[in-house]
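Reader: Good morning. Could you take me through the structure shown here?

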Amino acid sequence: MILRPPAFAPLGDSAIAIRFGEGASDELSRAVFRSAQALARARIDGADDIVPAYAVLTVFYDPVAVSYDDMLVRIQAALPDEADAADDFHTPPATLVRIPVRYDGEDLDNVGRTTGLSTKDLIELHSGGDYRAQVIGFVPGFAYLGTLDPRLSCPRLASPRKHVRPGSVAIADLQTAVYPSTTPGGWNIIGHTETVMFDAMRDTPALLRVGDRVKFDPVDL
C-alpha cells in the first residue's frame with residue numbers, strides 16, 4: 001500500500017478520478033471514504049455521483065452544466081486537508097456486523113493444502129479476524145473485506161464457477177467476502193451463512209456499507 005496526496009485526472013468527459021495511492025489497505029480505504037464523506041457533505045453544485053473504490057474516488061458531473069476545470073476547483077475546495085486526515089470526526093461510526101458461518105465450504109480442503117493449515121487453524125484464523133468493508137462492488141451488496149491474515153492468502157480459482165450460491169463465504173488473496181446473490185465466482189468457498197447480505201425490499205438493501213466492521217462467528221455444522 002502506498003498512500004500519497006490526491007492526484008486528479010479526467011475520466012472520460014463527465015468524471016474526475018481522484019487517486020490517493022496504490023493497492024488496497026484499511027488506511028487507503030479510510031482516506032477514500034473520509035474524502036467521499038466530505039464531498040457528500042459539501043453538496044457540490046453540479047456533482048451527480050460520488051463513487052469510492054480501493055484507492056480512487058470518482059466524481060461524476062454534467063459536463064454541459066459545469067466544466068472540468070470548475071468542477072476540479074470545487075472538489076479541491078471540499079476535500080479535507082491533512083489536519084482533518086488525523087481523525088474521523090465527521091465520519092459516521094462504523095457498525096460491527098457479526099455473521100455466523102458454517103465452515104463447510106467446498107474449497108476448504110484445497111485451501112488447507114495450499115496454505116498448509118489444518119481445518120481447525122484455518123477456521124480460527126478466519127473467525128479471529130476483524131475485517132473492514134473496503135469497497136462495495138461486483139454485484140449489489142458484495143463487500144470486499146480486508147485484510148485477511150497473510151497465512152490465509154490463497155489465489156483465486158484457476159477456473160471460476162458459473163454459479164455460486166448466496167451466503168457463500170469465500171477468500172481470495174488477502175480479502176474475504178460473502179456472496180450476496182447467485183453469481184459466477186472465482187473465490188475459494190470456505191463456508192456458508194444464512195445471513196442475507198442484500199435484500200432489495202429492505203429499507204437499506206445492503207447489509208454492509210464501506211467502513212463497517214465484520215466478525216465471523218463459527219457455528220456447528
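Author: The answers below treat the cores, the aromatic pairs and some backbone features.
Author: This is a predicted model, in which local features need pLDDT of at least 70 and side-chain atom pairs count only at pLDDT 80 or more, while totals for chains, interfaces and linings use all residues. Residues are numbered from 1 along each chain as its sequence is written, and side-chain values use heavy atoms, without hydrogens and water.

Reader: Which residues touch the most other members in the largest nonpolar core?
Author: They are I99, L122, L145, I190, L208 and F216, in a core of 25 residues. A nonpolar core is a set of buried Ala, Val, Leu, Ile, Met, Phe, Trp, Tyr and Cys residues joined through side-chain atoms within 4.5 Å; buried means under 20% relative accessible area, exposed over 50%, and partly exposed in between (1.4 Å probe, protein chains only).

Reader: And which elements give two or more residues to this core?
Author: These are strand 5 (96–101), helix 3 (108–115), helix 4 (119–128), strand 6, strand 7, strand 9 (168–172) and strand 13 (213–218). Helices (H or I, at least four residues) and strands (E, at least two) are DSSP runs, numbered from the N terminus. Apart from this core lies another, of 19 residues, among them I18, F20, L39 and V59.

Reader: Now the aromatics: how many aromatic pairs does the structure hold?
Author: The structure holds seven. Rings of Phe, Tyr and Trp (its six-membered ring) pair if their centres lie within 6.5 Å; planes under 30 degrees apart count as stacked, over 60 as edge-to-face and the rest as tilted. The rings of Y131 and F216 have centres 5.8 Å apart and planes at 55°, so this pair is tilted. Y131 in strand 6 and F216 in strand 13 are 85 residues apart.

Reader: Are Y131 and F216 buried or exposed?
Author: Both Y131 and F216 are buried. Another pair, F142 and Y179, is edge-to-face, with 5.4 Å between centres and 80° between planes.

Reader: Changing topic, what is phi for F138?
Author: Phi of F138 is near 70°, a positive value in a residue other than glycine. Most residues other than glycine have a negative phi, and most peptide bonds are trans. R43 also has a positive phi, of about 45°.

Reader: Which peptide bond is cis?
Author: The bond from G146 to T147 is cis, with omega near 5°. T147 is in the loop between strand 7 (143–146) and strand 8 (161–164).
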